[in-house]
Amino acid sequence: MLTDITIGQFFPGTSALHRMDPRAKLLLLLVLMAAIFVFDTPGGYAALTCLAIALAVSSGVPLSMYLRSLRPLWWILAFTFLIHLCATPGEVFFHIWIFDMTKEGLARGFFLCLRLALLIVFSSLLTFTTSPLSLTDGMERLLRPLKVVGVPAHELAMMMTIALRFVPTLIEETDTIMKAQQSRGADFSTGNALKRVRHLIPILVPLFISSFRRADELATAMEARCYRGGEGRTRMKELHVGGVDYAAAGATALLLAAMGAMKAAGV
Amino acid sequence: MAFIEIEDLCFAYPSERGERRMALDHVSLSVEEGEFVAVLGTNGSGKSTLAKHLNAILLPTSGVCRVAGMDTRDGAHLWDVRQTVGMVFQNPDNQIIAAIVEDDVAFGPENLGVPSDEIRRRVDDALAAVGMTAFHGFAPHLLSGGQKQRVAIAGTLAMQTKCLVLDEPTAMLDPVGRKEVLDTVRRLHRESGITVIYITHFMEEAAAAQRVVVMEDGKVVEDGSPKEIFSRVDAMRKRGLDVPLAAEIAWRLRKQGIRLPEDIVTDEELAVALCR
């Protein structure tokens, strides 16, 4: 279960997606996410699905990783599909007990699940091809104008960097604690939901305590390396927007225009 | 004037009930530039507290700590002190900040405001100096303990630090990792003349130093060459410390009446003496 978490996993590579500026990727991701909701026609979905598949293939990241990123959502997807399948009024094609499955529901459930899956895959495209540091760097730059209204851009970015850095470490530690508890007879896999949640307490308490210790030591280590906030800090990897980014932005604009035309034409 | 000058240094951790336990009790110590000093002592002897004074993470309750002529209490020199003295801590996981090796090494110079192409150069040099160039794009959690500690050392080298303070850097490592770290430190000391303060529990590591300082109850109780310190097996035992295995064997053989020199510390020296 713990190895299914793909957040913050980055696959180094040299594809066009890898070479794009993180700011451009973040902004285009937002645009595409909006597009998923705006162009809700079969034609729009087909175009976006093709785009997602093409980008996933071109990224050079193993395709199984994209499927893996969907796995934690499997239940939500199945549930959404079933609810829509049975609760949408329309032409009934199958009847079981009190449930009426309709053709309209089938279509609606399918498109909603596709929409969710597309959101996940597009986000994964960003995190799989962008190193956590340049991702948070990009966010810091994008948020910087909001500093005047009190958004702590640098601090947020630093928190994200550290959080992402410690995801694998804490997963490893959780695993160790669970094994230690299991070896002394703890049972995490039986009982009802309430019981199972209660069984998490002996895992969470040591995990929290050790996280605080880690945080303390990390803060000392950062101070020892002259960390003093964002003022006067330089970066080894300066961000710069290049040809790939303009090409991507242009391609996205074209796609949006095409999808707009398709929607207007009712495809 | 010595590179590190500690005069009559006292430090007490603030405690809840008002009673103050002296973690450092009138410590005086000076270290010359380019020296390799090992610091020994049992848990709670004040070794780590002393180390944290050297780059102004802790400030003296009384007394003076000067690094390259700068008083650590002088706020104006705080960042110069921290740049001059780089620290490597015990837990390799809790001192790596970035999720990629080279980004982590760049963290120090980035904080110092070094221009980006200069940082790139320093990071490449530092990774080469600790033999981690091949791992520059790795995520830290994929490295072994010894490799993580070498990355941490590279992180201080990239700040162009003059003195490396290592606070039990090998305590959490396996024997292979321990050797990796010690070999790296010895090579840096030999090749670039960096000053090394090496706090350790392992007597074999201390034997590699030029000078050994023994601490007990917040005081410096012995200060001399490894040969001087480790030939006093009884005194070390009384302090709850071991001596290197070779020194111990030589001491026992001497007690049995076998004539051996008093200054045997390493395995090689013991072998040579026995074969004579």
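User: In β9(B), which residue is the bridge partner of B:Leu40?

Analyst: β3(B) and β9(B) pair in the parallel sense over four bridges. Strands are DSSP runs of E with at least two residues, helices are runs of H or I with at least four, and both are numbered from the N terminus; two strands pair if DSSP finds at least two bridges between them. In β9(B), the residue that bridges to B:Leu40 is B:Val214.

User: What pLDDT do local features need in this model?

Analyst: Residues are numbered from 1 along each chain as its sequence is written, while chains are lettered from A and ligands numbered from 1 in the order in which they are written. The model is predicted: totals for chains, interfaces and linings use all residues, side-chain atom pairs count only at pLDDT 80 or more, and local features need a pLDDT of at least 70.

User: What is the strand order of the open sheet of six strands in chain B?

Analyst: Strands of a sheet pair through backbone hydrogen bonds, either parallel or antiparallel. The pairing in the six-stranded sheet is accordingly described as mixed, and the order is β6-β7-β8-β3-β9-β10.

User: Why is one side of β6 and of β10 in chain B left without a neighbour, and by how many degrees are neighbouring strands turned on average?

Analyst: β6 (85–88) and β10 (219–224) of chain B stand at the edges and have a single partner strand each, so one side of each has no neighbour in the sheet. With direction ignored, neighbouring strands of this sheet are turned against each other, on average, by 20 degrees.

User: Which helix of chain B packs on this sheet, and what angle does its direction make with that of β8(B)?

Analyst: Helix α6 (residues 175–192) of chain B touches β3 (36–40), β7 (163–167) and β8 (195–199) of chain B. Two residues are in contact if their C-beta atoms, placed from the backbone, lie within 7 Å. Axes are lines fitted to C-alpha atoms, for helices over the stretch in contact, and angles between N-to-C directions run from 0 to 180 degrees. For α6(B) and β8(B), the angle is about 155 degrees.

User: Is B:Lys219 buried or partly exposed?

Analyst: B:Lys219 lies in strand β10 of chain B and is the bridge partner of B:Glu216. Leaving aside its neighbours within four places in sequence, B:Lys219 is in contact with B:Asp25 and B:Val27. Because 16 other C-beta atoms lie within 10 Å, B:Lys219 is partly exposed.

User: Which strands are the edge strands of the open sheet of four strands?

Analyst: The order in this sheet of chain B is β2-β1-β4-β5, with antiparallel pairing. The edge strands, which pair on one side only, are β2 (22–31) and β5 of chain B.

User: Which residue in the turn between β4(B) and β5(B) has a positive phi?

Analyst: Two bridges join β4(B) to strand β5 (residues 70–71) of chain B, and B:Arg66 has B:Asp71 as its bridge partner. The two strands form a hairpin with two residues between them, and the residue with a positive phi, of about 50 degrees, is B:Ala68.

User: Which helix supplies the largest share of the side of chain A that touches chain B?

Analyst: The contact takes 29 residues from chain A and 33 residues from chain B. On the side of chain A, α7 (132–143), α8 (153–183) and α9 (193–224) each supply at least two residues. The largest share, eight residues, comes from α9(A).

Definitions and conventions. Buried ≥ 20, exposed ≤ 12 C-beta atoms within 10 Å, placed from the backbone.
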